[in-house]
Amino acid sequence: MAAPRILLIVGGGIAAYKSIELVRLLRKAGMTVRCVLTRAGEQFVTPLTLAALGENKVYTSLFDLKDEVEMGHIELSREADLVVVAPATADLLAKMAAGIADDLATTLLLATDKPVLAAPAMNVRMWLHAATRRNVATLRGDGVTVMEPDEGEMACGEYGPGRLPEPAAIKAAIDRALANPPTIVPLTGQPDFAPANHRPLFGRRILITAGPTHEPIDPVRYIANRSSGKQGFAIAAAAAEAGAEVLLIAGPVPLPTPPGVIRVDVETATQMAAEVQEGLPVDAAIMVAAVADWRAAETAGQKIKKDGSGQVPPLALAENPDILASVAKSPERPPLLVGFAAETNDVIAHAQAKLARKGCDWIVANDVSADPMGGESNRVHIVSKDGVDSWDRLPKQAVARKLMEKIADELEKRIPLERD
Ligand code: C5P
């Protein structure tokens, strides 16, 4: 495979110095990096530093492209596999959300047809300001992957969310975006869900598991189930639409990555468990995946052959980790932990038992007696220690949106965000 090409746009702000380390990490991983520095960015890092580390010309203004024969701005915006904005300042995010193109960086961001990943860095008040919340939510709705900033002490002495994520975390997000590019919202028309008119999950990190797992028996056979992943993917889409940073850990399903969602693909329950652990801490985790209960105790290195004797090969099983139950017990247990349960009978009684057994806060009990896995609608009951909230049968997207409203309200009660 050709080396991935990154167009890195470095905005202004004290965190710009971290872009130097990011370029080093990307180069070390064999990626090609072309850098664009905004005018404000130039106050913090020099083009020479980035050019030396990136081993590539650095562009700072539209005039750098005056000989359009060499490289036009349209070409520059499209030759990369991924456009990364780090640090993404409040000003850059606002311009991106509004479609303003008044310098080289913003012109490239408007002209590109490639996925865009933004790593924000700004003062905590600026990050929590209603204008930035709107802009980030608009960008996520447009399919831009906007990372949540880190929380901590800021250069200006204040404390809270707004620090640029560490270069290694940005590199990991770049790897994920390259492996699973988010769906780019079509040029005309809206995505196939109506954008919500408010963003109740802005500033929240949400982890979602979805789809089945495949447990290999030998290189060509596996144990699986009929989960389509549709409900989990609809939940991930609705969470991003509501403004959250969404990490979707998906079993093998041929579904497109919803706009603005960070996706990690896995095959087995063991891999899913490891990625979930890696994804913590989060504000809420929603475990929608139909994780296989068992895997083959031994995986054959070569295809198991019929030998003509009529003898059936033994298939010993081993139990898979219960991801939901172990997250519930972990020191990084999210403040809100939600499980799913597909039931055909005694739906609520089984869900109540599962709630206690798994140690989660809610079980979304899914009545699959009429409509088995893979359908387009769901009738769910949200079972918690406080009671049962039963919803009518609804399309999976509507279930997802309603669930996000409920989760946003619950998070506001459990861990209120400081808002202006
Ligand atoms: O035990 P059961 O499979 O019915 O539980 C369903 C819930 O537990 C779902 O939320 C599912 O994602 C989660 N689960 C899990 N790891 C397992 C089995 C189930 O996280 N090994």
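Student: A cavity is a set of points, on a 1 Å grid over the protein atoms alone, where a 1.4 Å probe fits but cannot get out; lining residues have an atom within 4 Å of a point. Which residues line the largest cavity here?

Tutor: Leu 117, Thr 145, Ala 173, Arg 176, Ala 177, Asn 180, Pro 182, Val 261, Ile 262 and Arg 263. Keep in mind that this is a predicted model: local features need pLDDT of at least 70, side-chain atom pairs need 80 or more, and totals for chains, interfaces and linings use all residues. Numbering starts from 1 along each chain as its sequence is written, and side-chain values use heavy atoms, without hydrogens or water.

Student: Which elements supply at least two residues of the lining?

Tutor: Helix 9 (167-179) and strand 13 (261-265). These are DSSP runs numbered from the N terminus: helices are H or I, at least four residues, and strands are E, at least two.

Student: And by class, what is the cavity lining?

Tutor: Six nonpolar, two polar and two charged residues. Asp, Glu, Lys and Arg count as charged; Ala, Val, Leu, Ile, Met, Phe, Trp, Tyr, Cys and Pro as nonpolar; the others, Gly among them, as polar.

Student: Which residues are around the ligand itself?

Tutor: Met 287, Ala 289, Val 291, Pro 321, Asp 322, Ile 323, Leu 324, Gly 339, Phe 340, Lys 354 and Lys 358 (a heavy atom within 4 Å). Helix 12 (323-329), strand 17 (336-343) and helix 13 (347-358) each supply at least two of this shell. The shell divides into seven nonpolar, one polar and three charged residues.

Student: What lies 2.9 Å from a ligand oxygen?

Tutor: A polar side-chain atom of Lys 358. On the backbone side, an N or O atom of Ala 289 lies 2.6 Å from a ligand oxygen. A polar backbone atom of Ile 323 is 3.0 Å from a ligand nitrogen. Such N or O pairs count as polar contacts within 3.5 Å.

Student: Last topic, the backbone. Where are the cis peptide bonds?

Tutor: One joins Ala 86 and Pro 87, with omega about -5°. Pro 87 is in strand 4 (residues 82-88). Another joins Leu 280 and Pro 281, with omega about 0°. Pro 281 is in the loop between helix 11 (269-279) and strand 14 (284-287).

Student: What about phi of Glu 55, positive or negative?

Tutor: Positive, near 50°, in a residue other than glycine. Glu 55 lies in the loop between helix 3 (47-54) and strand 3 (58-59).

Terms used
Polar contact = N/O pair within 3.5 Å; in protein donor to acceptor, adjacent residues only side chain to side chain. 1 Å grid on protein atoms, 1.4 Å probe; cavity = no way out; pocket = protein on both sides within 12 Å on 5 of 7 lines; lining within 4 Å.
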